[in-house]
Amino acid sequence: MNNHDFNILNQLVQEQKSLWRIEEHYLPESKNADDKKLWTKLRNQKRKNIDELSKMAKKCLK
């Protein structure tokens, strides 16, 4: 596997791990509405990142 493909797959894994932490820990442990708003915004961005990286990974694995 070349370095470019590895980078895509590695970043996909990192984004998925981060999303899991946000959903399982950070959002439920939010202290107030402002915290929850920030974690929700970051969760939504992570989902978009994962979607884009997944599409790129599929191209790499063809």
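N32 is found in the loop between helix 1 and helix 2, helices being DSSP runs of H or I with at least four residues, numbered from the N terminus. N32 counts as partly exposed because its relative accessibility is 39%; the class lies between buried, under 20% relative accessible area, and exposed, over 50%, with a 1.4 Å probe and protein chains only. A polar atom of the N32 side chain lies 3.1 Å from the backbone nitrogen of D34. Polar contacts are pairs of N or O atoms within 3.5 Å; within protein, one atom must be able to donate a hydrogen and the other to accept it, and residues adjacent in sequence count only if both atoms are side-chain atoms. The model is predicted: local features need pLDDT of at least 70, side-chain atom pairs count only at pLDDT 80 or more, and totals for chains, interfaces and linings use all residues. Residues are numbered from 1 along each chain as its sequence is written, and side-chain values use heavy atoms, with hydrogens and water left out.

S30 is also placed in the loop between helix 1 and helix 2. A polar atom of the S30 side chain lies 3.0 Å from the backbone oxygen of Y26. The backbone oxygen of L27 is likewise reached by the side chain of S30, at 3.0 Å. With residues up to four places away in sequence not counted, S30 touches D35, K36 and W39, a contact being heavy atoms within 4.5 Å.

Over the whole structure, the search for aromatic pairs finds 1. This pair is formed by Y26 and W39 and is tilted, with 4.6 Å from centre to centre and 40° between the planes. Y26 belongs to helix 1 and W39 to helix 2 (residues 33-60), so the pair ties together parts that are 13 residues apart in sequence. Under the rule applied, rings of Phe, Tyr and Trp (its six-membered ring) pair if their centres lie within 6.5 Å; planes under 30 degrees apart count as stacked, over 60 as edge-to-face and the rest as tilted. Y26 has a relative accessible area of 30% and is therefore partly exposed. W39 is partly exposed as well, with a relative accessible area of 23%.

Side chains of opposite charge can pair when their charged atoms come close. The count of salt bridges comes to 3, each defined as a side-chain nitrogen of Lys or Arg within 4 Å of a carboxyl oxygen of Asp or Glu. One of them joins E15 and K46, whose closest N and O atoms are 3.1 Å apart. Since E15 lies in helix 1 and K46 in helix 2, this pair ties together parts that are 31 residues apart in sequence. Both E15 and K46 are buried.

R47 and E23 form another salt bridge, in which the closest N and O atoms are 2.9 Å apart. R47 is in helix 2 and E23 in helix 1, so this pair ties together parts that are 24 residues apart in sequence. R47 counts as partly exposed at 40% relative accessibility, and E23 is partly exposed with a relative accessible area of 30%.

K55 and D51 also meet through their side chains in a salt bridge, at 3.3 Å from N to O. These residues are 4 residues apart in helix 2 and are therefore separated by about one helical turn. K55 counts as exposed at 51% relative accessibility, whereas D51, at 38%, counts as partly exposed.

M1, F6 and L61 make a nonpolar surface patch of about 380 Å². Patches consist of residues with over 30% relative accessible area and no salt bridge; like charges are joined within 9 Å, and nonpolar side chains (Val, Leu, Ile, Met, Phe, Trp, Tyr) within 5 Å. Accessible areas come from the Shrake-Rupley method with a 1.4 Å probe, and for residues only the protein chains shown count as cover. F6 lies in helix 1 (residues 3-26) and counts as partly exposed, its relative accessibility being 43%.

R21 is placed in helix 1 and is partly exposed, with a relative accessible area of 34%. R21 and N3 are 18 residues apart in sequence, and their C-alpha atoms are 27 Å apart in space. N44 is placed in helix 2 and is partly exposed, with a relative accessible area of 31%. Between the C-alpha atoms of N44 and M1, 43 residues apart along the chain, the separation is 30 Å.

Terms used. Helices (H or I, at least four residues) and strands (E, at least two) are DSSP runs, numbered from the N terminus.
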